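Me: I would like a close look at one part of this model, followed by how the rest is put together. Please keep the wording plain.

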Amino acid sequence: MIQRRSREGSTEPLALEVEGLTVTYGKEPALWNADVRLGRGSLAAVVGPNGAGKSTLLKAALGVVPRVSGRVRVLGEDPARRRRLVAYVPQRTSVDWDFPTTVLDVVMMGTYGRLGWFRRPGREERAMALGALEQMELADLADRQISELSGGQQQRVFLARALVQDAEVYFMDEPFAGVDAVTEQSVASLMGHLAQRGKTILSVHHDLATVPRYFEHAVLLNRVVQAVGTVKEVFHRGNLDRLYGGRVPADVPELAST
Amino acid sequence: MIEFWTLAIAAVTALACALSGTFLVLKREALVSEGLAHAVLPGIVIAFALTGNRTSPLLLVGAAAMGLVMILAVQAIRRTGVVDATASLGVVFPALFSVGVLLTSLELAGTHFHADCIIEGNLALAPLDRLELGGRDLGPRAFWSVSAALLLVGCFLLLLFKELKLLTFDGELASSLGFRPGRVHVAWLAVVSFTVVASFEAAGSILVVALMIAPAASAVLWVNDVRHVLGLAAVLALASAFAGHHLGLVMDIAPAGPMATSAGALFLVSLALAPRGILVKGRARRRALAQLEVDLVSARLKPGEPRDCDVVRGELGWSPRRFGAAVARAVSGSMLVHDAGSGTLSLSAGQAEG
Amino acid sequence: MSAPWVELDPTLVVVAAGTTAVGTVSGALGCFAYLRRQGLVGDVVSHSALLGVVGAFVLAHALTGSASRSLAVLVPGALIAGTASLALARSVSNRTRLNDDASLGVMLSIFFGGGLFLLRWVQRQSPPIPGHTGLEDYIFGMAAAMTRADLWMVFSLGGGALLLLLLLWKELKVFTFDPDFSRSLGLPSYRLDLLMMALLVAGVVIGIQTVGVILMIALLVTPAAAARQWTSRLSTMVLLAASFGAAAGAGGALLSASEAGLPTGPVVVLLATAIFALSLLLAPRRGLIARARARRTLGSTPPPAAGGAA
């Protein structure tokens with residue numbers, strides 16, 4: 001077992017290090033030979049057309065979908081050993097919001113990883129969940145049945161659950177999709193706040209126009225990684241035209257035409 | 001002659017069930033047949049108790065109406081938005097079946113309906129129950145009722161094949177083109193319900209379900225086109241009916257179980273051998289994966305830059321064995337050059353240019 | 001009809017205790033299948049169990065020479081057949097173009113058809129295998145045939161299943177609600193899925209002697225669907241479904257004992273269906289009456305912007 005590590009001088013491990021990642025569900029690979037490296041404190045958007053493997057990148061980085069090839073390191077370790085330092089915010093529409101449970105209950109699920117098998121959440125976990133709800137301005141909805149929430153409130157419940165996990169790295173799948181303006185602001189400020197505290201965020205993002213406003217880094221993905229870097233470096237007209245095959249979906253006024 | 005009629009009834013039942021079942025299987029509604037096959041029981045018992053006359057076509061129509069009752073009840077419950085479709089079906093059909101069993105046990109309908117017949121039908125007795133019109137013997141009643149069902153299914157398929165296909169593969173498109181998927185759908189399910197009822201006495205609930213689902217599910221593994229699926233399902237259903245009938249004769253037991261088992265066995269054979277079965281697909285997938293692995297090793301290399309084997313293997317996260325096998329394949333396909341001395345890999349010259 | 005409570009005969013006590021226990025366990029376990037929208041999976045499991053029951057009977061006879069219809073022999077058979085049919089259906093729909101419904105339906109045909117096949121064959125054997133006549137009862141259920149030993153089997157298997165449910169409550173809950181998130185926590189989704197399957201099969205297996213393989217589905221789905229209408233908490237839902245199942249089971253046993261010739265299974269199912277119908281109508285908030293009233297009081301005012309998800 002010879003591990004030849006010829007990394008550049010930094011001693012601190014990267015927040016996320018993905019090499020040669022390939023995932024296939026059927027015939028065509030959903031993700032091909034992807035390399036992504038993110039330093040700690042990065043605030044990165046994953047951008048690309050539909051079916052580009054954006055959610056797959058997150059799930060493979062979390063180690064929850066089987067990969068054909070590739071090595072994933074979260075803070076220098078296998079993701080299975082970094083579960084407690086990682087929080088995942090799935091797509092809001094991926095769950096049944098008619099499930100019989102309350103807002104507080106969903107947020108407390110964020111403590112399940114720390115609790116381990118068999119142990120039930122107690123007073124301490126409850127207090128943490130309430131604190132996270134407070135932070136997402138949902139405290140008065142704690143005992144609400146989740147089917148009574150608006151789309152934006154559902155999204156904030158998911159974010160509160162991630163906050164409770166008190167992680168170092170956050171994977172978010174379209175946290176801005178279909179939310180109201182208030183929620184959009186609160187999600188954006190939460191992300192900025194977390195990044196300032198040195199947390200790392202990798203978030204699938206659909207709305208190209210807001211990438212420069214909300215994110216510092218971008219991963220341009222269309223089954224293969226086209227570019228990774230700061231928004232300034234990689235998020236320009238030329239790259240996007242290539243990414244979307246010349247059909248950049250929305251008008252993106254803030255793009256420099258370089 | 002009795003043997004002939006037994007086979008004729010079995011064959012027509014098999015055809016009617018297989019043809020009507022195909023669209024259920026394609027439309028993700030296969031278990032609706034399970035629901036219908038149980039829900040029509042009270043209809044049969046009540047209609048029989050009311051008419052007291054087994055030759056009456058009213059019996060068939062009345063019982064088929066009970067199938068529609070189930071479908072409408074399931075739709076009504078689902079539309080409340082508080083219970084999903086699967087669960088609604090799971091609530092409604094056992095309830096209707098329970099009513100049927102209770103009515104049977106209360107002997108409202110006389111002693112005719114024995115518990116076994118509900119599940120397995122009574123193919124052996126079916127040819128003895130004759131249809132007479134004006135004193136003339138027209139053959140077994142069961143033959144005429146399943147033939148009527150087959151005719152109905154055939155007409156529906158001929159006249160509304162396009163609509164049914166559209167409805168099956170794209171419900172939304174169908175409604176935007178003005179085909180009223182709701183009505184076509186309900187009409188089709190009424191035809192299916194009629195088929196279930198007509199087949200019920202000879203085939204019983206298990207065989208109706210087996211003949212509706214298994215042949216169509218097998219056919220889907222062999223062919224693509226809906227017409228071909230229909231044709232193959234019909235052939236497979238006939239084969240199951242004949243094989244099961246023969247098995248039943250040999251072992252001297254009711255043929256429903258053997259027929260259902262034959263249909264199941266044909267499915268297992270299809271699963272193993274058909275182009276879209278597990279084995280063939282598995283082999284294709286393994287071959288594709290092997291190719292993918294070769295491509296992946298190449299993708300980690302740049303032209304003219306040999307790289308250390310262990311580094312490449314580390315990036316791919318593979319076991320030495322898997323990596324070795326992939327490299328061996330790539331080298332034998334002259335995609336890569338492996339330098340054993342330095343332990344490095346590089347793209348072969350031809351690859352580098354391409 | 002005139003039998004007062006004090007004169008309850010011991011057989012009826014055993015039967016009533018059995019149906020009540022079956023209703024409780026299947027009601028509770030059915031909730032998770034209901035919430036995962038796998039209501040009909042239970043139907044396939046129960047039908048498939050017939051092959052296991054008859055197969056175990058035949059195997060026990062071939063191995064020991066004596067025929068045993070005790071649940072201790074038949075239950076493992078039913079567990080194996082039920083699980084095998086589910087696992088096969090899962091792998092067919094994962095690996096071919098067939099959808100879940102179709103592959104479940106095919107497995108139902110194979111296992112139930114095969115079970116009937118084997119059952120009829122057993123019944124044709126000469127000299128007859130002693131005890132084979134009781135096998136027939138598994139199709140429609142025969143609560144009256146329940147013995148004290150059977151009752152212990154129901155209690156222990158059902159109690160074990162409920163205990164597991166209680167121990168792994170939060171894991172099963174988060175896995176049911178948000179499988180992707182639970183995987184990100186490191187919960188083994190494959191094993192939890194297997195556990196859910198096993199719990200469902202256990203719930204089915206202890207019930208088939210009472211209500212039969214055909215009607216078993218109603219004991220899993222109907223109490224859960226009824227309970228869901230009354231509450232917005234999983235724990236309350238499970239407790240309610242268990243109570244509804246218990247009430248239907250007990251009521252069914254007593255009713256059918258009071259009227260000769262009334263089969264227990266259908267009575268239990270119809271009682272559960274009545275509870276469902278009442279819940280659909282009367283439940284607060286989700287009930288049809290409550291919603292109609294809410295709509296009327298709302299009048300022509302537009303619905304509130306928030307809470308649009310329904």
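Which residue is the bridge partner of A:Y88 in strand 6 of chain A?

Reply: The model is predicted. The bridge partner of A:Y88 is A:F171, which belongs to strand 6 of chain A. Strand 6 covers residues 169-173 of chain A, and strand 5 of chain A pairs with it in the parallel sense. Four bridges make up this pairing.

Strand 5 of chain A runs over residues 86-89, and both of its faces are covered. A:V86 and A:Y88 lie on one side of the strand, while A:A87 and A:V89 lie on the other. These four residues are all buried. A:Y88 therefore has 20 or more other C-beta atoms within 10 Å of its own.

Next, the nonpolar cores. The largest nonpolar core has 292 residues. Those that touch the most other members are A:V107, B:V40, B:I213 and B:A237. Helix 8 of chain B, residues 181-222, gives the most to this core, with 25 residues. For B:A237, setting aside neighbours within four places in sequence, the contacts are B:A14, B:L15, B:C17, B:A18, B:L211, B:P215 and B:A263. There is also a second, separate core of 14 residues, and among its members are B:L301, B:L316, B:A326 and B:A330.

Chain B is also divided by its domain assignment, which gives domain 1 as 2-276 and domain 2 as 283-353. The centres of these two domains of chain B, taken over C-alpha atoms, are 56 Å apart.

Two contacts between chains remain. In the contact of chain B with chain C, 52 residues of chain B meet 49 residues of chain C. On the side of chain B, two or more residues come from each of helix 2 (30-51), helix 4 (85-105), helix 5 (115-120), helix 8, helix 10 (256-273) and helix 11 (278-299). Helix 4 of chain B supplies the largest share, 12 residues. By class, this side of chain B has 33 nonpolar, 11 polar and eight charged residues.

Chain C also touches chain A, in a contact that takes 24 residues from chain C and 26 residues from chain A. On the side of chain C, helix 7 (169-177), helix 8 (179-184) and helix 10 (234-258) each supply at least two residues. That side of chain C is made up of 11 nonpolar, six polar and seven charged residues.

Key:
Residues numbered from 1 in each chain as written. Chains lettered and ligands numbered in written order. Predicted model: local features only at pLDDT ≥ 70, side-chain atom pairs only at ≥ 80, totals over all residues. Contact = placed C-beta atoms within 7 Å. Nonpolar A, V, L, I, M, F, W, Y, C, P; charged D, E, K, R; others polar. Buried ≥ 20, exposed ≤ 12 C-beta atoms within 10 Å, placed from the backbone. Pairing = 2+ DSSP bridges. Core = buried A, V, L, I, M, F, W, Y, C linked by C-beta atoms within 7 Å. Domains from an automatic or database assignment.
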